[in-house]
Amino acid sequence: MDTTADSLAEELRISVARLSRRLRTLRPARPDDTRPPLTLTQFAALAALARHGTMTPRELADHEKVQPPSMTRVIAFLEDQGLLARTPHPTDGRQAVLAPTEAGKALLAEERRRKEQWLARRLADLTEEEREILHRAAPVLDKLSRST
């Protein structure tokens, strides 16, 4: 078994990309089923606000590594869909702060639920030893995901 950093990098890149693609296919339809699912950029922006708290549009664009004009379109769409609310900035009247609405939080919760259910079913198909290996690897993968 070749465990050099280069070969492990290739194996992890392929496996993580496949798993990520598979999880993206589980994106739920909108609750009323009359609108398409959010784009990945729209969903990521909404999730960032839920995870990190309120942000200005510029902070959100910087966080998501998106140009401000693109983020403006994302914000407008999310606002129009009732998934995001804009309120006045508490100290700077020229700015606004963004936060997910209850509908936005519900959409995020549904996505998490669906993905975690899918993963739990797949994990149940693994051996106890395989699940233990993944349990030990999860913090390492998280550490990798946070490195710059």
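The side chains of glutamate 128 and arginine 131 meet in a salt bridge, 2.9 Å from N to O (a salt bridge is a side-chain nitrogen of Lys or Arg within 4 Å of a carboxyl oxygen of Asp or Glu). The model is predicted: local features need pLDDT of at least 70, side-chain atom pairs count only at pLDDT 80 or more, and totals for chains, interfaces and linings use all residues. Residues are numbered from 1 along each chain as its sequence is written, and side-chain values use heavy atoms, with hydrogens and water left out.

**Salt bridges**

- Side chains of opposite charge can pair when their charged atoms come close.
- By the rule above, the count comes to 9 salt bridges.
- Glutamate 128 and arginine 131 both lie in helix α6, 3 residues apart, about one turn of the helix (helices, H or I with at least four residues, and strands, E with at least two, are DSSP runs numbered from the N terminus).
- Glutamate 128 is exposed at 54% relative accessible area, while arginine 131 is partly exposed at 28% (buried means under 20% relative accessible area, exposed over 50%, and partly exposed in between, with a 1.4 Å probe and protein chains only).
- Helix α6 also holds arginine 136 and glutamate 132, 4 residues apart, and these two form a salt bridge with their closest N and O atoms 3.7 Å apart.
- Arginine 136 is exposed, with a relative accessible area of 53%; glutamate 132 is partly exposed at 34%.
- In helix α5, glutamate 111 and lysine 115 lie 4 residues apart, about one turn of the helix, and form a salt bridge with closest N and O atoms 2.5 Å apart.
- Glutamate 111 has a relative accessible area of 5%, so it counts as buried.

**Alanine 17 and glutamate 111**

- Alanine 17 lies in helix α1 and is partly exposed, with a relative accessible area of 31%.
- The C-alpha atoms of alanine 17 and glutamate 111 are separated by 19 Å, and the two residues are 94 residues apart along the chain.

**The largest pocket**

- Rolling a probe the size of a water molecule over the atoms shows where empty space is left.
- About 2,000 Å³ of space lies in the largest pocket (on a 1 Å grid over the protein atoms alone, a pocket is an open set of points where a 1.4 Å probe fits, with protein on both sides within 12 Å along at least five of seven lines; lining residues have an atom within 4 Å of a point).
- The lining has 43 residues, and the closest to the pocket centre are Val16, Leu19, Leu23, Leu119 and Leu141.
- Helices α1 (5–24), α2 (40–52), α3 (57–64), α5 (102–124) and α6 (128–146) each supply at least two residues of this lining.
- The most comes from α6, with 12 residues.
- By class, the lining has 22 nonpolar, 6 polar and 15 charged residues (Ala, Val, Leu, Ile, Met, Phe, Trp, Tyr, Cys and Pro count as nonpolar, Asp, Glu, Lys and Arg as charged, and the others, Gly among them, as polar).

**Strands and a loop residue**

- Strands β1 (residues 84–88) and β2 run antiparallel and are joined by 5 bridges (two strands pair if DSSP finds at least two bridges between them).
- Leucine 84 has proline 100 in β2 as its bridge partner.
- In strand β2 (residues 96–100), 4 of the 5 residues are buried.
- Threonine 56 sits in the loop between α2 and α3 and is buried at 6% relative accessibility.
- Threonine 56 touches His89, Gln95, Ala96, Val97 and Leu98, not counting residues up to four places away in sequence (contact means heavy atoms within 4.5 Å).

How values were computed. Points joined across faces, edges and corners; volume = space filled by probe spheres on them.
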